[in-house]
Amino acid sequence: MNISDVAKRTGLPVKTIRYYEDIGLIAPARSGNGYRSFSDSDIHKLAFLGRARSLGFGIDACRGLLRLYNDKSRASADVKKLAQEHLAEIDQKLSELRQMRDTLSHLIETCAGNDRPDCPILADLASER
């Protein structure tokens, strides 16, 4: 199967598929003329990677997940640990986003939004912390 067909089947852009090959996440066979030839296993890996990326896993974590997936003697505790670490990162980002939202909301509430030049939003951005 060629790369455009794989892109359609997996929902991944061709550029992403090429990138995953460049960094060694997949290794499709090459025909004599140099064209990629994707196997069902390659397609499965790409779908797996697409799903993992949609859950926010980074490339290194995806590499680890693929390694664990392919290791039939793996302990599910290892997979769970990797997922828990990712969840903790998401929770940290959510906390930071809530703090940013609260600060911005407060600044918006304190700004009169009139024709006067005084603006607490700009004053806060210009302040040295």
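**Notebook: helices, rings and charges**

I started with helix H3, residues 40-54. At 1.5 Å a residue, its 15 residues should span 21 Å, and the end C-alpha atoms are 21 Å apart, so the two values agree. I note here that the model is predicted.

Next I asked which residues of H3 are buried. I found Asp 42, Ile 43, Leu 46, Leu 49 and Ala 52. Then I looked for what covers them. The cover includes helix H1 (3-10), helix H2 (14-22), strand E2 (36-37) and helix H4 (59-70). Just after H3, I saw that Gly 56 takes a positive phi of about 90°.

**Aromatic pairs**

I looked for ring pairs and got two in the structure. Tyr 19 and Tyr 20 make a tilted pair, with 6.2 Å centre to centre and 45° between the planes. Is Tyr 20 buried or exposed? Tyr 20 has 4% relative accessibility, so it counts as buried. Tyr 19 has 41%, so it counts as partly exposed.

Phe 48 and Tyr 69 also form a tilted pair, at 5.1 Å centre to centre and 45° between the planes. This pair links distant parts of the chain: Phe 48 sits in helix H3 and Tyr 69 in helix H4, 21 residues apart. Phe 48 is partly exposed at 22% relative accessibility. Tyr 69 is partly exposed at 32%.

**Salt bridges**

How many salt bridges does the whole structure hold? My search gave four. Side chains of opposite charge can pair when their charged atoms come close.

Arg 30 bridges to Glu 21, with the closest N and O atoms 3.0 Å apart. Arg 30 is partly exposed, at 44% relative accessible area. Glu 21 has 17% relative accessibility; buried means under 20%, so Glu 21 counts as buried. I also noted a network of salt bridges that links Glu 21, Arg 30 and Arg 36.

Lys 81 bridges to Glu 85, with the closest N and O atoms 3.4 Å apart. The two are four residues apart in helix H5, so about one helical turn separates them. Glu 85 is partly exposed, with a relative accessible area of 39%.

Asp 118 bridges to Arg 116, with the closest N and O atoms 3.6 Å apart. Both residues are exposed.

**Surface patch**

Last, I looked for nonpolar residues on the surface. Leu 87, Ile 90, Leu 94, Leu 97 and Met 100 form a patch with about 450 Å² of accessible area together. I picked out Met 100, which lies in helix H5 (residues 76-110). Its relative accessible area is 52%, so Met 100 counts as exposed.

How values were computed
Residues numbered from 1 in each chain as written. Predicted model: local features only at pLDDT ≥ 70, side-chain atom pairs only at ≥ 80, totals over all residues. Heavy atoms only, no water. Expected span 1.5 Å × (residues − 1). Buried < 20%, exposed > 50% of the residue type's maximum accessible area, 1.4 Å probe, protein only. Contact = heavy atoms within 4.5 Å. Patch = residues over 30% accessible without salt bridge, like charges linked within 9 Å, V, L, I, M, F, W, Y side chains within 5 Å. Areas by Shrake-Rupley, 256 points an atom, 1.4 Å probe, with all protein chains shown as cover. Salt bridge = Lys/Arg side-chain N within 4 Å of Asp/Glu carboxyl O. Phe/Tyr/Trp six-rings, centres within 6.5 Å; stacked < 30°, edge-to-face > 60°.
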